[in-house]
Amino acid sequence: MIQRAACFRRLFKSSALPSKVEFRYYTAQAATSLRPSVYSDDEIADVDWDNLGFGLIPTDFMYVTKSTEDGHFEQGQLNRYENIQLSPSAGVLNYGQGLFEGTKAYKRDNGRLFLFRPHLNAIRMQIGAERMCMPCPSTDQFVDAVKQIALANKRWVPPPGKGSLYIRPLLFGSGPVLGLAPAPEYTFLVYASPVGNYFKEGTAPLKLIVEEDFHRASRGGAGGVKSITNYAPVLQAIRNARGRGFSDVLYLDSVNKRYIEEVSSCNIFLVKGKVISTPVAFGTILEGVTRKSIMDIATDLGYQVEERLIEADELISADEVFCTGTAVGVAPVGSITYKGKRIEFKISSELTCKQLYSRLVGIQKGLLEDKRDWIVEIE
C-alpha cells in the first residue's frame, strides 16, 4: 500500500489524496507503475535453487481480468500478488465452477525466457470452459497473459537446470449466484511460482499402487477437462497411499474396474519392445500436453504408439512404465502394487522414457531442432 500510495503521488505530482472516482482510475495506473521495471533485468530472487521442491513460493505479480456481460474478457492487468475478494455466493465457491491450467517458463543459458506449447493449454481451457458453461479468454489473450506473468516475475525463474517457473492460469465463476446456474461474472487470473521436482522422491523411480475402491472419474462426467472438481475427491486416496509409502495412485475405470486410466496428477505409459501404449481418452482422463508431446517424439524415434484400453493385468508383462505431466515431466515407475502383489520394473540409463525425456528437454533448451514450433520465446 505504501508503494501504491507513492505511485498515486507521482501520478498526481502532489501529496493530495484522490477522490473515489480518481482512486479507481489510478489504481490501474499504479498497477502499471508497479510492473517489473522496479527490478533490474539481471536481478535474481533470493531462493535456495538447489533445494527447490514443488511448493508455493509467492512471486511478485499476478494477472487479472474479468468477463463482461457479453462473455468477453476485458484487457487484463498486472497486480501485485495478493489475496483476492470473493462474494460468499460466488459460483466457484457454491458450485465448483472453475478450471485451472499448468504450464512452465524456462530460462536458457543466454538468459532468455521460453514457454512450451502454451497454445495447447489455452485450447484445453476453452474446451473445459464449454463443458462447464463458462466464457473463456481467447487463445491469444491466454498466451499473452502467460507471457506477461513470466516476464513480470523473471527474477523468480530458476537458473538453467535448477527448475522452472510454474505458471497457473485460473478461470472461475466470481459472480454471485444462489440457484444452481452459471455465474453472471468470471475471473481469469494467472499467478506463478518457481518449482523443482514434483515428487518428494525427486528423480527416484515412482512407487504406485492401483486404487480399487476410489475412482477419479466416470463416463459422461468431467474427468476429461481440468476442472477443479476433479482433484479434491482423490485427496483421500493419495493420503492413504502416501501413508503406506507409495508415491501416488493409479486409478481404474469406474465401469469395469479393470482398465488403467491415469495417476492422480499425470498420465501413464507402458512400454513393450518398440510399442508404447497409453490409455485412450474417452472423456475420463486428461489429455496432457506432455503426454501428446511424448507421443509425437516417440513416433519420430520409430516407436509404435497406441492409444487403447489397457488392462491392469498387462502391467505384469510391461518392459517399462512411466508417467508424464507438466508438473512431473517424465518420471520412470519403479514398482506398481496391484491386488497386494508388487510388480517391479528394471531401472537403467537405457530406459525408453529417459531417451524420450532427453529429447523433450533438448528441444526445450534449444539443443535440438524444434521442428514443430513447440517453443515460444518471450520477447
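**Overview: the whole chain.** The protein chain carries eight helices and 17 strands, taken as DSSP runs numbered from the N terminus (H or I of at least four residues for helices, E of at least two for strands). This is a predicted model, so local features need pLDDT of at least 70 and side-chain atom pairs count only at pLDDT 80 or more, while totals for chains, interfaces and linings use all residues. Residues are numbered from 1 along each chain as its sequence is written, and side-chain values use heavy atoms, with hydrogens and water left out. Of the 379 residues in the protein chain, 50% are buried; buried means under 20% relative accessible area, exposed over 50%, and partly exposed in between (1.4 Å probe, protein chains only). Contacts, meaning heavy atoms within 4.5 Å, reach well along the sequence: among those between residues at least 6 apart, 69% join residues at least 24 apart.

**Close-up 1: helices α4 and α5 packed together.** Two packed helices are described by the angle between their axes and the distance between the axes. Here α4 (residues 118-131) and α5 (residues 139-152) pack at about 125°, axes 9 Å apart. That angle makes α4 oblique to α5. Axes are lines fitted to C-alpha atoms, for helices over the stretch in contact, with angles from 0 to 180 degrees between N-to-C directions; under 35 degrees counts as roughly parallel, over 145 as roughly antiparallel, 65 to 115 as roughly perpendicular, and the rest as oblique. On the α4 side, the contact uses Pro-118, His-119, Asn-121, Ala-122, Ile-123, Met-125 and Gln-126, and α5 supplies Thr-139, Phe-142 and Val-143. Sort these contact residues by type and you get six nonpolar, four polar and no charged (nonpolar: Ala, Val, Leu, Ile, Met, Phe, Trp, Tyr, Cys and Pro; charged: Asp, Glu, Lys and Arg; polar: the others, Gly among them).

**Close-up 2: two loop residues with positive phi.** Most residues other than glycine have a negative phi. Arg-117, though not a glycine, has a positive phi near 50°. Look for Arg-117 in the loop between β5 (113-116) and α4, where it counts as buried at 11% relative accessibility. Asp-373 has a positive phi too, near 60°, and sits in the loop between α8 (352-365) and β17 (375-378). Asp-373 is exposed, with a relative accessible area of 65%.

**Close-up 3: Leu-270 and its surroundings.** Leu-270 belongs to strand β11 (residues 267-272) and is buried, at 5% relative accessible area. Its C-alpha is 6.7 Å from that of Phe-322, a residue 52 places away along the chain. Skipping neighbours within four places in sequence, the contacts of Leu-270 include Ile-260, Val-275, Ile-310, Leu-315, Ala-318 and Val-321.

**Close-up 4: helix α7.** The twelve residues of α7 (289-300) reach 17 Å from first C-alpha to last, close to the 16 Å expected; the expected span is 1.5 Å times one less than the number of residues. Nine of the twelve residues are buried, so α7 is largely enclosed by the rest of the structure. Among the buried ones are Arg-291, Ile-294, Met-295 and Asp-296. After the helix comes Gly-302, with a positive phi near 95°.

**Close-up 5: helix α8.** The 14 residues of α8 should span 20 Å, and the end C-alpha atoms are 20 Å apart, which agrees. Its buried residues include Thr-352, Cys-353, Leu-356 and Leu-360. Just after α8, Gly-366 takes a positive phi of about 85°.
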